[in-house]
Amino acid sequence: MLLYDYNEPNDELTALIRKTVTVDCGGVETKTGKLIDVQADYLVLVDEEENNVYYALPHVQSISENAKANSALFFSTNSETRETIRTKSFEELLRGLIASHVKINHGERESEQGTLLAVNDDHIVLYTEDEGIVFYHLQHIKNVYVQMKKEEEIAAENEEATEQEKGTNDPEQIFPYVNAPNISTLFTQLTHTWVSINHGGSETVEGILFLRGSDYCTVVNRDEIIHINPTHIKTISCEPKGIFQPINQQKETAGKVEEKEEVKKQEVHSEKKKEEGKEKKHRH
């Protein structure tokens, strides 16, 4: 299934594979890297840090080629052996990234990063540390940024994972959330709850969601009643923006305190060992 009505890869873009290009989606920044794959409705770019960025082609406004950079070796990446997800459509690509840590709309104001939990008919579900669950409208996803992990980082994560975590493959069991097949059903299930719409940008709206009519949904915030066209809704979350930040900061502070206490214990233990060694030496 194609999210966008693209039948096959564009020949002009395919000719740019292995070349250094700059991709512009009309956002706050462009991205330069090596083009390593072009599919019917998306392309794959490797940036300077050798991370993968998957772009939905309908949101790509322009692709420029740097002839000077392409005349020399710009990246050390071997595109033939590089690890990347190759699917026929952008939607299939997203499904292949479920349970992975991703960044949605990298370089945009409404950018969020977290664990991809689900890909439904017209939206995805993302778990973020600061905002909790965020629902992204598929039509407004410009790119997906995937940071490639080093072998030692993967080994360390596997070593830290418990047997119970390894046996849990269902993301919904780890992060409970409203799992609706489409946004229309999602709105129905979120009726009379506090929502944050299009958070992170100038179009942010927060308030109590009410059942929408045939064309608009309604959000009430104190004396203000806001009617929103659903086609312009990029993201929906069920908590005010940044609500989890204080909790995460407390956890981070607690972790640093525990780390300092552990260091002190080790120092005391080390000093005690030294004193014991001196005493033994003195006796002899």
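**Entry 1: G107**

The model is a predicted one, in which local features need pLDDT of at least 70 and side-chain atom pairs count only at pLDDT 80 or more, while totals for chains, interfaces and linings use all residues. Residues are numbered from 1 along each chain as its sequence is written, and side-chain values use heavy atoms, with hydrogens and water left out.

G107 has a relative accessible area of 14%, so I noted it as buried (buried is under 20%, exposed over 50%, partly exposed in between, with a 1.4 Å probe and protein chains only). Leaving aside neighbours within four places in sequence, I found G107 in contact with V28 and E29; contact means heavy atoms within 4.5 Å. I also checked G107 against Y145: the two are 38 residues apart in sequence, and their C-alpha atoms are 9.7 Å apart.

**Entry 2: the cavity**

How many cavities of 30 Å³ or more does the structure hold? I found one. A cavity is a set of points, on a 1 Å grid over the protein atoms alone, where a 1.4 Å probe fits but cannot get out; lining residues have an atom within 4 Å of a point. The volume of the largest cavity is about 60 Å³, taken as the space filled by probe spheres set on the points, with grid points joined across faces, edges and corners. G107 is among its lining residues, and I listed with it V23, C25, E29, T30, K31, Y55, H106, E108 and N143.

**Entry 3: positive phi**

I then turned to backbone angles. N105, also placed in the loop between strand 6 and strand 7, has a phi near 55°, a positive value in a residue other than glycine. N105 counts as buried because its relative accessibility is 0%.

R18 is not a glycine either, and its phi is positive at about 75°. I located R18 in the loop between helix 1 (11-14) and strand 1 (20-24). Its relative accessibility is 49%, so R18 counts as partly exposed.

**Entry 4: strands 13 and 14**

Strand 13 (residues 217-221) and strand 14 (residues 224-228) run antiparallel, and I noted five bridges between them; two strands pair if DSSP finds at least two bridges. V219 stands opposite I226 in strand 14. The two strands form a hairpin with two residues between them, and R222 in the turn has a positive phi of about 55°.

**Entry 5: T235**

Is T235 buried or exposed? I found it buried, with a relative accessible area of 0%. T235 lies in strand 15 (residues 235-237). Its side chain makes a polar contact of 3.0 Å with the side chain of H199; such a contact is a pair of N or O atoms within 3.5 Å, where within protein one must be able to donate a hydrogen and the other to accept it, and residues adjacent in sequence count only if both atoms are side-chain atoms. Not counting residues up to four places away in sequence, T235 touches V134, F135, Y136, S196, I197, N198 and H199.

**Entry 6: the whole chain**

The protein chain has eight helices and 15 strands. It has 284 residues, of which 38% count as buried. Among contacts between residues at least 6 apart in sequence, 57% join residues at least 24 apart.

Technical notes: Helices (H or I, at least four residues) and strands (E, at least two) are DSSP runs, numbered from the N terminus. On a 1 Å grid over the protein atoms alone, a cavity is a set of points where a 1.4 Å probe fits but cannot get out, and a pocket is an open set with protein on both sides within 12 Å along at least five of seven lines; lining residues have an atom within 4 Å of a point.
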